Amino acid sequence: TKPNLYTLNATAWTILELCKGQSLKDLQADFHRSIEPLMSRREAAEYVLACMRDFVSKSIVQVVPTTQSRRGRHPS
């Protein structure tokens, strides 16, 4: 099989760099802080959501359920 190669624009790359396993809401806030005042909070949130949907569909990132990610961070 051939590998999938993708080109990201600078804004999408910023979102990818910010992905650290946090919630979508936290990622949206992190992104908005990094690009403010270029986008409103609403525009930034919508952009992150669209990018994340694209990243997931292309297997660039993987969604981890909240309970699973918490278990990974704080072992019982």
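Me: What should I know about the model before we start?
Reply: This is a predicted model in which local features need pLDDT of at least 70 and side-chain atom pairs count only at pLDDT 80 or more, while totals for chains, interfaces and linings use all residues. Residues are numbered from 1 along each chain as its sequence is written, and side-chain values use heavy atoms, with hydrogens and water left out.

Me: At what angle do the axes of H1 and H2 cross?
Reply: Helix H1 (residues 10-18) and helix H2 (residues 24-35) have axes that cross at roughly 130° and come within 10 Å. The axes are lines fitted to C-alpha atoms over the stretch in contact, with angles from 0 to 180 degrees between N-to-C directions. Helices are DSSP runs (H or I, at least four residues), numbered from the N terminus.

Me: Which residues of H1 and H2 meet?
Reply: From H1, Thr11, Thr14, Ile15 and Leu18 meet Leu27, Asp30, Phe31 and Ser34 of H2; contact means heavy atoms within 4.5 Å.

Me: Changing topic, is Phe55 buried or exposed?
Reply: Phe55 counts as buried because its relative accessibility is 1%; buried means under 20% relative accessible area, exposed over 50% and partly exposed in between, with a 1.4 Å probe and protein chains only.

Me: Where does Phe55 lie, and which residues does it touch?
Reply: Phe55 lies in helix H3. Not counting residues up to four places away in sequence, Phe55 touches Leu8, Ala12, Ile15, Leu16, Ile60 and Val61.

Me: How far apart are Phe55 and Tyr6?
Reply: Phe55 and Tyr6 are 10.0 Å apart in space, C-alpha to C-alpha, and 49 residues apart in sequence.

Note on methods
Helix = DSSP H or I, 4+ residues; strand = E, 2+ residues; numbered from the N terminus.
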